[in-house]
Amino acid sequence: MADKKEKLFSDFPEVSTQEWMDKIQTDLKGADYEKKLVWKTNEGFKVKPFYRQEDIEGLKTLDALPGEFPYVRGNKKNDNTWYIRQNIRVENPEEANRKALDLLNKGIDSLGFHLKGKDVSRELLDTLLKDIHCDCIELNFTTCQRHTVELAQLLAAYFKEKGYDPKNIYGSVNFDPISKMLQKGKDVSPIIGLASEVVNALAEWPHFRCIGVDALRLNNSGAYIYQELGYALAWGNEYLNRLIDTGVPVDLAAGKIKFNFGISSNYFMEIAKFRAARMLWADIVKAYQPEEDNACQMHVHAITSTFNMTLFDSYVNLLRSQTEAMSAAIAGVDSMTVTPFDSVYETPNEFSERLARNQQLLLKEESHFNRIVDPAGGSYYIENLTVSIAKEAWNLFLQTEDEGGMVKAIQNESVQNAVNQSNKARHEAVSRRKEILLGTNQYPNFTELAGGKAPLEHVCGCGGKEHHHDEEASFAKLDIARAASEFEALRLETEHSGKRPKAFMLTIGNLAMRQARAQFSCNFLACAGYEVIDNLGFASVEEGIEAALKAQADIVVLCSSDDEYAQYAIPAYQALAGRAMFIVAGAPACMEELKAAGIENFIHVRCNVLETLREFNKQLLVK
């Protein structure tokens, strides 16, 4: 049987890379290979259209097995089980306890409690953890930074009093002043000095981590993947360095740090990001000469991004978060939270929370992603992405270290400026449809109305609201505007005006072109919440204008071929005689002649969709 297999493979002739390239060049028919097929990523490196075995020769990512230093293939050897977490904001401890117990019967094995700082007490913990077996699940807590030491001490006392074996307690307390600096623009770096107290309070509990690196904040601000990773490494190194300086042993300090990463929809890149992250962090910790290699393991909690979530067509958020969760699971994260699809416009309800839970359960129980460790290992493509992302992130890490570390870089505003620049660039890409948000800037739901839906303000862990403008800020903060925010504001403006403009497609001439342009125009204008009326075609311009006026159209869009616009556009514009806005779909060669005749509005693929629609809103008296 083995011989037959050998023969089967030897029957196929080897195809060289050059032969592939020759075939591609033939199929491109003279088009530029680099321009057509090589992807220039936002991460600063190029991605080829195909990879072969020769592309992974000599890569250091292939030198270790799962569970071996530098942990690029994961910390786990036997399976890929991760904790499924759901977060609970604690307003009433009895209710939070009831909800937690209910969730533990619904597939959740990790709880994340958000506590108000002023509420932290032993009584709160007794009520909150009543009937919960803390050694059977993972427990995570977030509270006001200044109350975290107290919370850590109370938890250690609680676990000890209940007689739990320290080896069986898994979870975290999230002490992370650097996150607050990025969020609020305030210099709270002096309280980083409390880190050693938090660590010492939980020193006896080896699997209970307490120093957080909240890289999710960068992800949700629109950071590119290499920025999220590069800054996360500098962030973690800042804490590690300071802990060691205050006398905390290397192994203990490293063992108390937990990374909270976001997950974007860039599927293969995200798999590579987590692999690269473990490898680079292992190298950083190794430089401090720990006694055990295990101290070099990066422990990762992954959270699906909110940067790309949308208020309109919000069920598409389920598709986004599902691919995100899938990439994190394949990459071997330790625990995960899927953000409920409706969280950008309302407090998630039972339905959306259930869906979020089931998104992970589906990956685990039905797709068996928990059974295979690092299935991406050896993939020519993902191994190359891993190395490329690692290189860019490492350069950023070194650059940040040269500035004096993460805290100094934040005080100098270089972190915020770089990430906010990425946020701005991504908003620009969304406005031009270079980055697609399905249902928002492309293929919107034509009939959808927001009703009472409005974007929610972010609530910080202390229970207060996070504002974009804070008079007390001493330096720049991260811009948390979601990618869809400007399109949503525009569409909400249309809806709230009480005047929903009607856009009528005057389709005429070449059948294929008029249909394609009508479809393009309907999608374009519906992004602003306009009512669109498509048509099969008209025999004459006059007939089309008459039908548009009869339909009480506010906008008439002429849809035809470039060649025919010279024939149809000016007569249509003159027949309409200013009774509605007139738009030509396309950028025909005769555009200058049409402009000379008074036609001002053209929509085409090179348009800035957002700016164009804002201008239309002004003209149509939406404001």
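**K76**

I started with K76, which counts as buried because its relative accessibility is 15%; buried means under 20% relative accessible area, exposed over 50% and partly exposed in between, using a 1.4 Å probe and protein chains only. I found K76 in the loop between β2 and β3. Helices (H or I, at least four residues) and strands (E, at least two) are DSSP runs numbered from the N terminus. K76 touches P66, G67, T81, W82, G332, V333, D334 and V373, leaving out residues up to four places away in sequence. Contact here means heavy atoms within 4.5 Å. I also looked up D374: K76 and D374 sit 298 residues apart in sequence, yet their C-alpha atoms are 9.1 Å apart in space.

**What kind of model this is**

I noted that this is a predicted model, where local features need pLDDT of at least 70 and side-chain atom pairs count only at pLDDT 80 or more, while totals for chains, interfaces and linings use all residues. Residues are numbered from 1 along each chain as its sequence is written, and side-chain values use heavy atoms, with hydrogens and water left out.

The protein averages a pLDDT of 95, and 96% of the residues score at least 70. pLDDT is the predictor's confidence in each residue, from 0 to 100.

**Same loop, other residues**

Back to the loop between β2 and β3, where I also found I56. Is I56 buried or exposed? I56 counts as buried, at 11% relative accessibility. Its contacts, not counting residues up to four places away in sequence, are L62, G378, S379, Y380, E383 and N384. I checked I56 against L437 too: they are 381 residues apart along the chain, and their C-alpha atoms are separated by 34 Å.

The peptide bond joining F69 and P70 is cis, with omega about 5°.

**Helix α13**

How far apart are the end C-alpha atoms of α13? They are 23 Å apart, which agrees with the 22 Å that the 16 residues of this helix (residues 316-331) should span at 1.5 Å a residue. The expected span is 1.5 Å times one less than the number of residues. I noted that 13 of the 16 residues of α13 are buried, so the helix is largely enclosed by the rest of the structure. Next after α13 comes G332, with a positive phi near 85°. G332 is also one of the residues that K76 touches.

**Two helix pairs**

Two packed helices are described by the angle between their axes and the distance between the axes. I looked up α10 (residues 225-245) and α12 (residues 267-286), whose axes come within 10 Å and cross at roughly 25°. Axes are lines fitted to C-alpha atoms, for helices over the stretch in contact, and angles run from 0 to 180 degrees between N-to-C directions. α10 and α12 are therefore roughly parallel to each other; under 35 degrees counts as roughly parallel, over 145 as roughly antiparallel, 65 to 115 as roughly perpendicular and the rest as oblique.

For α18 (residues 485-496) and α23 (residues 609-619), the axes come within 11 Å and cross at roughly 20°. That makes α18 roughly parallel to α23. On the α18 side the contact is made by E486, F487, L490, E493 and T494, and on the α23 side by V609, L610, L613, R614 and N617.

I found Y443 in the loop between α17 (414-431) and α18. Its phi is near 50°, a positive value in a residue other than glycine. Y443 counts as partly exposed, at 47% relative accessibility.

A577 is in the loop between α21 (562-576) and β14 (581-585). Phi of A577 is positive too, near 50°. A577 counts as exposed, at 53% relative accessibility.
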